[in-house]
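Thanks for taking a look at this one with me. Here are a few notes to read beside the structure.

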Amino acid sequence: MPEQTALLSWIIRKAIRYLISGFIVLVIVFLVPRLMPGDPVRNLVGEDVWLSPATLQALRSEMGLDLPLNEQFIHYLLDLFSLNLGYSYHLNGPVLNILLGRIPWTLLLIGTSILAGACFGVIAGALTGWNPERWWARTLTGSSLLISSIPPYILGLAFLACFSFYLHLFPIKGLYDTPDIFSIIYHLTLPVLVLTLFYASRNLLIMRGSVISERGLLYPQCARALGIPRQIILKRHVAKNALLPVLTLIALDFGFLFSGALFIEIVFSLQGMGSLIYDAILLRDIPVLTGSFLVISVFVILANLSVDLISVLIDPRVRMGRE
Amino acid sequence: MVKLSRLSMVVFTLLFLFIAVTVNCSAAEDKVLKIATVNDIKSPSLLGDYNTIIFSQISNPTLFQMNSNGKIIGQVVDSFEVSPDNTVWTFNIRPELYWSDRKPVTGEDIAYSINMYGKYGKSGRWLGEAITDTKVDGNKVILTLNKPYTNLDREFATMYGIVPKHVWEKIDNPVNFTSEGPYVGCGPFYMDKIDLTAGKIIFKKNPYWKGDAPYYDQVDISWFKNKDAASEALESGAMDTYYEYSSSYPYAAIDSLMSTGNFELLEKPTSGMTFLGFNMNKTPVSDINIRKAIASAINYPELVDISILGHGSVPNEGFVPTIMDGYVKTPQLKYSVDDAKKILADAGYKDSDNNGIVEGDDGKDIVLNFLSRSSFSREAELIQEYLKAAGLGSEIRSVEDNTWYELKDNYDYDITLDRTTPAGMIMHASLGTCYFDSRRTGGGVLHNVDDPVFLNLCDEILATRDQSKLTTYAQELQNYYAENLPGIALYWKNDVTPYNKAIKGWYSNPIYGILNQYTFTGVKPVV
C-alpha cells in the first residue's frame, strides 16, 4: 500500500510539473515566432510585388497582427480550448488541417524508422555487447560507428545518388507517384532505410555499451555459475537492465517525431513536418509555427512523462527511490 | 527457425520486386511532357499560392504577355485602346477562347477576374482602389481608373490570370480557396490536379482550345526540394526540361547534364541579376566618389567566371541589361584597382597610417557596413576582397531574407547585395526603377533614391505612353544610373534552360522563360 501511495504521489507531482512546463511552453511558442525579425505580411506576396501601406495595414488587420500582444495571446488561448490552432494566410487553410495533412506522412516516415531502428539496434546491440570479441560483432560495431558518424543528409544523398540515380532502383522524389499502397512503399523505402540505419546504428552502440557494462557486474556471473545458458542470461536478465538508457532515447525520439526530418525531406523531396516548419520559419507563418511548436512540445512532454513512468514501472531501483 | 527466416527473406524480396515492377508498369498511353522545378507549391490554391500562380500561366493566362524580345503583346487580349488622358482602358478579348468546361471566355470573365483581384487579392488590391467603373460590352471590357495609368498592359502581363466567372463567383474568398483541382482554364491546358504529396501539378489538354493544338496530352510539373535531385532527375531522363522562375538551371550542373548527350541548352539573357546597392543618404557611400571607386574595384570578369560560370557578360554602368525594351548603351563597367585608388586619392581619401585602408572625414578607417542576403555570401566575400585591394574596408553581415528585409528597410547598411527579377524590372516606371524609388518600400526593393531628378523622371515615364518620349526618358534614366550609381550590377547573366533534344519548339520570354503558350502549343518530338 505505502508503495502504491508513494507511486500515486509521484505521478501527481510529475503531472503538476509537466502542466506547469506545458503552460510555459504555451507562452514560449506564442512569443518566439512573433519576436522573430521579418514581416509575415510581406511574405504573402513575391518580393517583386509592391504592397501599398493601406494594403499592408488591411492585411495585417485581417491576420490579427495589429492587435496588442496580450490580446493576441488571449485569443490564442481561447482558440486552443476549441482546438483551433489558427489560420495560415500563407498556406490558405486552418493550421489544424495543415498539420493533419502532414503528420500522417511524418509518422509513416519517421515512426517506421524509429521502430525499425529500435528493434534492430536493441537486438543487434545486445548480441554485439554480449559477444564483443566475435568477428561479426566487430563488423557490426565498426559499421555502426561509421554510419552514426555520417550526417543523415549525406547518407541520404549518397543513397539517392547510388540507388535512384545510378541504379534506377528507386524513385528520386515524392511520397508517391499515384496514391496507392505500392507506390507509397516504393517511394518511402529509401528514406526509411536511411533513417533506420541512422537510428539503428546509434541504438546499437548505446545498447552494446550498456550490455558490456551489465556483463561486468556480479549477477550475470552468478547466473553463469548456476549453469544458466548464456543466451538465457542475456535475454532474461542482462538485456532488460541494459535496455533503460536506450528506452529513454527511443521515447525521446518519439517525442521529437513530429518535428520531422528536415534534411531527409529535402534530399528526397518529401512533404513532411520538417519542411512545413522550415518553410513557416522562412515565411514567418506565425500560426503554423505556433501550432507546430505546440504539437511538438506536447509530444515531447508526453514522451518525457512516458519515460519517467516506464522507468518507475520496470526498474525497481527507481521505484524504491534509489539509483 | 533458419528455414523460416530464409523463407521470410524470399517472400520479402519477391514482394518488393512485385512492387517495383507494378509501379513502373503504368500504362503510359498519354503523351506527357515532364518539367522539373524547385519552385515548390505550398498550398493547392490557384489564386493564393505564389508558385501556383506562376505555373498557371499555361492554364489561366493573363491579358498580356511578353514576347521573346521583351515586348508586351496580347494574350487573352486581342487589341486594346487607351484614352488620351490614360484613365480609360478598353480591352478587346479574343473571340476564340474557350474554358475547359466548354463555355466561351467573355468580357464578363475578364471584368470579374480583375475586380476579384481588386477586392480579395493580396497584390491586386491597388486595382480595387484604382478602378472606378467597369463596363462589359460583349467581348469588350472598359475600365475607368481614378487617375492616369500608362502601364496597365505591363501589369497585366506579369500576373492576374483570368478565371471563369461562372465558377468562381460562387466562392466566398477566391484567393484563399484551396482545392486539388481540377481548375477550369482557357489556355492550351487546364490545371487538372495539384498533388502536394506526390509533389507535382498535372495539366491536361484543354479539349476546347482553338489555337495551335498541343502535341502533348499532359504536362507534369514536378517540384524538388533541392537542385541536386532535380538535376539528377534530368540526367536520368526522368524529366524533359527544367524550370525555375527568375533563375537559371544550376550552372555547375550543366557540364554533367551535357555529358549525357541527351540535352541541348536554350540560353537567353535575362533582366534578373545580382547587384550591389548603396545607402545613398549615409556617409561615406553618399559620396559619389566612393561609389565610383567601388565600381572600379569590382572584378567583373572574375564574377562572371565564378558566379555564373561564364554564362553572361560584364554589365554596363546604366544598370539595365540588353534584353530589356528601352535599353540604351552606356559605358561598360571597368575593373581597375588603380583607377579605384586614384578616385579615392583625388577625392581626398588618404591612408595615413599605411594599413591599406583609407580614412574617412572622421579620420577613422572606412569600414563599410556590408549587409548581404545569405544566398549571395560568396559574392559578398569576393567583393570584400576587391574593396580591400582598393583601400576600402568592410564588415559583412550575411542574413536570411526576412532579416535582410527588416535591416534594409531600416537603412541599416552602407552597401548591400540584392537581386532583381524580370517582373520587378518592368514594374513601376520599368527599367529597374521599382528597386530604387524611395516611395516604394518593402519586399526586395532598396528604395534608396530620393533625388527629385530621379523621382521626377519616374513620374514622367508613368505619365505617358508616347513612345518617342519614353525612348528619351529611358536614355535619361540609364544615364542617371551611370552617373549616380545607386546600384551596380555585378554581371548580366543568361538563364540556361536545358531541354531534351528529342523535343523541339521551345520558346522563351524574359519574364516567365519557357512557361508560355508558345512553348506548350509548339513543343513536339523531333521527327
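1. What pLDDT does chain B average? This is a predicted model, and chain B averages a pLDDT of 92, with 94% of the residues scoring at least 70. There is one stretch to treat with care: over residues 23-27 of chain B the pLDDT is below 50. In the model, this stretch has 4 contacts beyond near neighbours in sequence. Where pLDDT is low, the predicted coordinates should not be read in detail.

2. For the complex as a whole, the predictor gives an ipTM of 0.84, together with a pTM of 0.88.

3. Now to the build of chain B. Its secondary structure comes to 17 helices and 21 strands. Taken along the principal axes, the C-alpha atoms of chain B fill a box of roughly 80 × 80 × 45 Å. The radius of gyration of chain B is 26 Å, which agrees with the value near 24 Å that a compact globule of 527 residues would have.

4. Next, please look at where the two chains meet. Chain A brings 42 residues to the contact and chain B brings 41 residues. On the chain B side, at least two residues each come from helix H1 (2-24), helix H4 (125-130), helix H7 (227-235), helix H13 (401-409) and helix H14 (422-425) of chain B. Sorted by class, the side of chain B that touches chain A holds 19 polar, 15 nonpolar and 7 charged residues.

5. Within chain A, one helix pair to find is H4 (residues 95-130) and H5 (residues 135-149): their axes lie 9 Å apart and the helices of chain A pack at an angle of about 130°. That angle makes H4(A) oblique to H5(A). Their crossing is left-handed. H4(A) contributes A:Ala124, A:Leu127 and A:Thr128 to the contact, while H5(A) contributes A:Ala137, A:Leu140 and A:Thr141. By class, this contact has 4 nonpolar and 2 polar residues, and no charged residues.

6. A second pair in chain A is helix H7 (residues 181-215) with helix H9 (residues 230-255), packed at an angle of about 150° with axes 8 Å apart. H7(A) is therefore roughly antiparallel to H9(A). The crossing of H7(A) and H9(A) is right-handed. Among the residues that meet are A:Tyr199, A:Met207 and A:Arg215 in H7(A), and A:Val238, A:Pro245 and A:Asp253 in H9(A). The contact of H7(A) with H9(A) has 10 nonpolar, 3 polar and 3 charged residues by class.

Notes
Residues are numbered from 1 along each chain as its sequence is written. Chains are lettered from A and ligands numbered from 1 in the order in which they are written. This is a predicted model: local features need pLDDT of at least 70, side-chain atom pairs count only at pLDDT 80 or more; totals for chains, interfaces and linings use all residues. Two residues are in contact if their C-beta atoms, placed from the backbone, lie within 7 Å. Helices (H or I, at least four residues) and strands (E, at least two) are DSSP runs, numbered from the N terminus. Ala, Val, Leu, Ile, Met, Phe, Trp, Tyr, Cys and Pro count as nonpolar, Asp, Glu, Lys and Arg as charged, and the others, Gly among them, as polar. Axes are lines fitted to C-alpha atoms, for helices over the stretch in contact, and angles run from 0 to 180 degrees between N-to-C directions. Angles under 35 degrees count as roughly parallel, over 145 as roughly antiparallel, 65 to 115 as roughly perpendicular and the rest as oblique. A crossing is left-handed if the near helix is turned anticlockwise from the far one by less than a right angle, and right-handed if clockwise. pLDDT is the predictor's confidence in each residue, from 0 to 100. The radius of gyration is taken over C-alpha atoms; the globule rule is 2.2 Å times the number of residues to the power 0.38.
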